[in-house]
Structures are given as structure tokens and as C-alpha cells.
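Have your viewer ready and follow along.

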Amino acid sequence: MRLHTKSIGFASLILLAAQVFGQSSQLAATPPMGWNSWNFFHSKVTDADVRAAADAIVSSGMRDAGYIYVNIDDTWEGPRDAQGEITSNSKFPDMKALADYIHSKGLKFGIYSSPGPTTCARFPGSYGHEQQDADTYAKWGVDYLKYDLCSYGTIMRDESNGDQQVAWTMMRQAYEKMHQALLKTNRPILYSLCQYGHDAVWEWGAEIGGNSWRTGTDIQDSWISMSNIGFSQSGLEKYAGPGHWNDPDMLEVGNGHMKPDEYRVHMSLWALLAAPLLAGNDLSQMTPETLSILINKEVIAVDQDPLGKQGFRVSNTGPFEIWMKPLSHGDKAVALFNRSEAVFPITIKLKAIGFNRPVQARDLWEHKDLGTISDSYTATVPRHGVVMLRLTRSRR
Ligand code: GAL
């Protein structure tokens, strides 16, 4: 009898451990998807805007396409109270109520802070209050934290006496400190590092608990900014994988300063990069074309492929680039990008992407099967445009 009770106890312990481990490896098992307030609302974002985004993410079908996180970026922060606890400012009257609202829609709630005393928009940061803030976030029901270097850079400069190595060590320790604080809350909170790629963060971001890390500078809603960032990511693929992703920054799709073809390049490239897909537009005002780009399920499936491999550049001839991302079951996603100012044909040779036999091809923007490709395929690609294919080995 005693033995029986013991074995039941042991079994439930194993179950509990499985649940705990299961939970943590579930965090960002594929690149996080959702929405963030910054790229459209900047410092003007309010509680009403975030609720409207949550409403729209559901009614538009984006939630069902995988966009789950609703994230407030900078400028929500109020002063600390007498106990040092962070409050929200008048734009966000009740954070717990907002989190509850977001959760009630089957979504997750994200927030923003800095290891410095102030954020980049000069609101209070977490410096000296790391555990207290992590506990507050957990109490509110936060599921995602973007932690942005901002004014901690000044502290690093001041306290390192010009020794860059000392400054970098301080930076890692500051990110590790918040990681430990988040762990102590016992709430799974996705940890998104934002320090613009300093000190090759991809080499150590995962070690200090980062589920994603920004690889560079802020994106702007322009072809130049988006393409400069996106096309410069090749080489970082070996650092990404389930639970830890390179983050070339949030999406600008639908913010109005790029052409639809350019937004298709943006979405295709980010999917090939296994990048977090955080929409950054006003979801309550989207055109059908913007929505169709954001919820192209076949492109999203490339980003979210469970193998978790980041794609890379296979070749480039001047402004014509071919990129490939290995997918599960031996499939491959291939994109033919035309960065030039005129329409051009681009040819992909199967051998160049590791296929020695014919493949079945599907066009992921046309949603069309192209049949069998035996040797090579030539597509006419628009200016600042892309043709994106999924290639599957032919079954014999
Ligand atoms: C920048 C960051 C942006 C945004 C902004 C808010 O440092 O890269 O994505 O968060 O701060 O102030």
C-alpha cells in the first residue's frame, strides 16, 4: 500500500516536472507573433488603442493566423509609488484590467522596460527595481517583456572608465539580472532583448535567457531601411533555433510608406529569417491588401516551421538575391528577390539549393501549384519585389 502511494507520488512528480519543462520549452518554440504599439502609435499609444488592437487582431483573423501577443511598447510607465512599485501613467488607467481584457480574447499581453533608470522615451526604467518590476508584471499578467538598453548605456559609459570590455560585461549582467528576476516570478514571460546587436548578442543572448534579441538598429517604414536591415541578416542563421531567435525588428507592413510589393518583400524576408512577426500598424484601420499580406498563411508557415531553422542568402548577382530556408520533412522555402528598379527574370537552379531530383513547387503569394521543376525555374519578379516558393521533393 505504502509502495503504491509512493509510486503515485513519484508519477505526479514526473508529470509536474514534465509540465514545467514543457512550459518553458513552449515559450517561443517558434518565432513569437503578435502586435506591438511602437511603429504606428509611438509615444501616443493609449489603453483604448491597445484594446482596439486586441479587438482587431481577433476580428481580422490575425489571431487565428498565429498573432497572439499584444504588446505595449514604451510610454506606458508612470511614477513609482511610496514603496517603489512602478505604476502606469494616465494613458493606462488599469494595467491588470487591460491584461484581463487581452487574455479574455485568447491573446497574450506584452510590456516594455529598460535596465536603465529611464527608457528611450525618458519614462521610468527598471534600474534598481528589477525584481520588484518583474513581480509587478507577473501580478498584472504580463506574458512578454521587451527590455531595451536605452539609458543603461550611459551607466555603462560612466562606470566602465572607457573600458569597452567592462561595459559589455555590465550590459550582459544587467540583462541576466532581469532574466533571474523573471524566473523568480514563476510566470512564463517571454524575454525579448533589445540592445541593437551590441557585443554580438546572438552569441550569448540565449545563455542569459533571451527568447529573442534585436540584431541591429530601429526599422523605419521605408524600402531603404527595411531592405538594408533584412538583407544584411545572412550569416546569423546558426544562432537561431527553437526558444531563441534573431530579431531584425518589428514589421512595418501597412504603415503606408512602402508599396505592396515592398511589403511582400518585407514579409517574405522576415519569414525566411524565422524572425518574430510583430505587426506594427494600426490594426483597426487596415486595408484588405495589408491584411492579406499579414495573414498569408503559407508565408507564415515558413516563418513558423517547427524545424526552427533560419534561412540565408544562397546567391546574389547585383540586386538579384536568392534566399533559402530549410523546412521540416525536407521541404525548402526559396525566395527570388529583385532589389532593382525594374522588373527582371530571375532563375533558380535546383542544384544550387541542394536538390538533385525534381521537386514540386508552389507559389506562396499566388497560392498556386506550379507543378514539377526538374532543373531550374525562371520567374518574372517585379521591381522591389519577390517570388516565393515552397519546394517539396517529388514522390515517386
Ligand atoms: C528604441 C527601440 C524601439 C522602441 C523605442 C521606444 O530603442 O529600438 O523599438 O522600443 O526605443 O522608445
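Strand S3 (residues 77-80) and strand S4 (residues 86-88) pair in the antiparallel sense, and two bridges join them. Keep in mind that this is a predicted model.

Which residues does Trp-76 touch? Leaving aside residues up to four places away in sequence, Trp-76 touches Ile-86, Thr-87, Ser-88, Asn-89, Phe-92, Met-95, Ile-111, Tyr-112, Tyr-137 and Trp-140.

Trp-76 is also one of the residues with the most contacts inside the largest nonpolar core, alongside Tyr-67, Met-267 and Met-388; this core has 90 residues. Helix H8 (residues 164-184) gives the most to this core, with nine residues. A second, separate core has 18 residues, including Ile-322, Val-334, Val-381 and Val-387.

Now to the ligand. It is surrounded by 13 residues, and the closest are Asp-73, Asp-74, Lys-146, Asp-148 and Asp-218.

| Residue (side-chain N or O atom) | Ligand atom | Distance |
|---|---|---|
| Asp-73 | oxygen | 2.6 Å |
| Arg-214 | oxygen | 3.1 Å |
| Asp-218 | oxygen | 2.5 Å |

Next comes a sheet. Six strands form an open sheet in the order S11-S12-S13-S18-S15-S16, with antiparallel pairing. Strand S11 (312-317) and strand S16 (368-373) are the edge strands, each pairing on one side only. On average, and with direction ignored, neighbouring strands of this sheet are turned by 25° against each other.

Within the sheet, strand S13 (residues 332-338) and strand S18 (residues 385-393) run antiparallel and are joined by seven bridges. Ala-335 stands opposite Met-388 in S18. Helix H10 (residues 260-272) packs on the sheet, where it touches strand S12 (320-326), S13 and S18. The direction of H10 makes about 40° with that of S18.

Two residues are worth a second look as you finish. Asp-218 is among the residues closest to the ligand, and a polar atom of its side chain lies 2.5 Å from a ligand oxygen atom.

Notes
Residues numbered from 1 in each chain as written. Predicted model: local features only at pLDDT ≥ 70, side-chain atom pairs only at ≥ 80, totals over all residues. Heavy atoms only, no water. Core = buried A, V, L, I, M, F, W, Y, C linked by side-chain atoms within 4.5 Å. Buried < 20%, exposed > 50% of the residue type's maximum accessible area, 1.4 Å probe, protein only. Helix = DSSP H or I, 4+ residues; strand = E, 2+ residues; numbered from the N terminus. Contact = heavy atoms within 4.5 Å. Pairing = 2+ DSSP bridges. Axes fitted to C-alpha atoms, helices over the stretch in contact; angles between N-to-C directions. Near = heavy atom within 4 Å. Polar contact = N/O pair within 3.5 Å; in protein donor to acceptor, adjacent residues only side chain to side chain.
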